[in-house]
Amino acid sequence: MAAAKTGRSSPRNAFYAQSGGVSAVINASACGVIETARAHRRQIGTVYAGRHGILGALHEDLIDTSRESAAVIRALRHTPGGAFGSARYKLASLERNRAEYVRLIEVFRAHDIGYFFYNGGNDSMDTAQKVSEIGRSMGYPLTCIGIPKTVDNDLPITDCSPGFGSAAKYVAISTREAALDIASMARTSTKVFVLEVMGRHAGWIAAAGGLAGRSSADAPHVILFPEIAFDRDKFLAKVKATVERRGYCVIVVSEGVRDAAGRFLAEAGTKDAFGHAQLGGVGPLIAEMTRSALGLKFHWAVADYLQRSARHIVSAVDVEQAYAVGKAAVEFALAGKDAVLPVIVRRSSSPYRWTIGEAPLGAIANKEKKVPRSFITADGFGITAACRRYLAPLIEGEDYPPYRGGLPDYVEIKGAPVRKRLNKPFVL
Ligand code: F6P
């Protein structure tokens, strides 16, 4: 492996940050980064983590991961959430707020940080790319490597995004289980069950609900994708026909479903730092529609954070891939690569084989991969065999956390702060 970039005797430190919505396996990536860096102590000094992502760098609020035991770092692999704290924070453009970038570099310089690992989705890859450009333009040598993550599975180039397989598995399992519940009661009680799932602009998680059924007769009978404009009449006709034929209807609806004019059916009215609308509530809205138009008794559930934090039922493939991209990110940095990220490359679906590839940050930044039309059935309400072939391996295998007292034994980091060197507060 290459020696530290500047050729000096003591190795430069690394900065790792989690960004955006977390997942059940993002800490497995952190584990991959830290364990791999620890295995290369001669090339990488200490890994500092940003408390609450990039905000930790701006506020010089760094966590010294060398103060965490090997057992704690290992346990991150089976602990959901973002152990170091994540943030939805968009760095302004360089022209509008140069101070933020100057501050980042000041903090990195003060702590001799030579490696920047940013674990996030498409917005975060944009940030990582900007930081790489700033480092270069300010003459500060900084290796910037992205680490892919998003339950939404909307990153281009990579075959899938770590975090997605586990959310997909949770949704597929929940759909199958709730379908058994409604099937047993439908004759005298509930006729419609609606499960609302995440996926702001892409219906990958909703599509995963389709894995619950083995044939088109099985639940879910209706999947509503953001990729297909919502048609009220067509939807109600499908629900009515399904209830007449099967006695009940199970619906999986993506939070990002839009009408023909492109408006979200359910917008909560708030926006995040990137200008994305906060979504939620389409499940009850759809359910109520079936009651008012068809007179059907319903139940609904919003999977919300449950689907992206459900570590107890993760996909073993997902955990492995999340760890692998963290490990590969460090290996890329050691190999002298910059402004790239590791991606998952599918070699075959059956048997499922994958390897790690490489992509430039710019190819991922701010781009979204939607569910292709060929993955959605002609009527717009289901998944095709091709979609099933793509999704099925991603939810394979179980990787249960250890349990204590009947509950998963998740770890909490000490989170020891790194002594501030600048002693200059930063006002955002
Ligand atoms: O990170 C992706 C995501 O999980 C989306 O599917 C969802 O719309 C969004 O995050 C929710 O974000 P937040 O937790 O910031 O409200």
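Trainee: Where is the place of Pro351?

Mentor: This is a predicted model, in which local features need pLDDT of at least 70, side-chain atom pairs count only at pLDDT 80 or more, and totals for chains, interfaces and linings use all residues. Residues are numbered from 1 along each chain as its sequence is written, and side-chain values use heavy atoms, with hydrogens and water left out. Helices (H or I, at least four residues) and strands (E, at least two) are DSSP runs, numbered from the N terminus. A cis peptide bond joins Ser350 to Pro351, with omega about 0°, and Pro351 itself lies in the loop between strand 12 and strand 13 (352-360).

Trainee: Which residue does a cis peptide bond join to Pro220?

Mentor: Most residues other than glycine have a negative phi, and most peptide bonds are trans. Pro220 is found in the loop between helix 7 (204-209) and strand 7 (222-224). Its cis bond, with omega about 0°, is to Ala219.

Trainee: What is the phi of His52?

Mentor: His52 belongs to the loop between strand 2 (44-50) and helix 2 (54-58). Although His52 is not a glycine, its phi is positive, at about 60°.

Trainee: What area is buried between domain 1 and domain 2?

Mentor: The bounds, from an automatic or database domain assignment, are 3-149 + 314-367 + 401-408 for domain 1 and 164-311 + 375-395 for domain 2. Contact (heavy atoms within 4.5 Å) involves 22 residues of domain 1 and 18 residues of domain 2. Buried area is the accessible area (1.4 Å probe) that two parts lose on being put together, summed over both. Carbon and sulfur atoms give 55% of the area between these domains, which is about 1800 Å².

Trainee: Which residues of domain 1 lose the most area to domain 2?

Mentor: Three residues together account for 30% of what the domain 1 side buries. They are Arg88, Val314 and Arg346.

Trainee: Which element supplies the largest share of the side of domain 1 that touches domain 2?

Mentor: Helix 11 (316-334) and strand 12 (340-349) each supply at least two residues of that side. The largest share, three residues, comes from helix 11.

Trainee: How far from an oxygen atom of the ligand does a polar side-chain atom of Tyr305 lie?

Mentor: The residues around the ligand (a heavy atom within 4 Å) include Arg88, Tyr305 and Arg308. For Arg88, a polar side-chain atom lies 2.6 Å from a ligand oxygen, and for Arg308 the distance is 3.0 Å. For Tyr305 the corresponding distance is 2.5 Å.

Technical notes. Polar contact = N/O pair within 3.5 Å; in protein donor to acceptor, adjacent residues only side chain to side chain.
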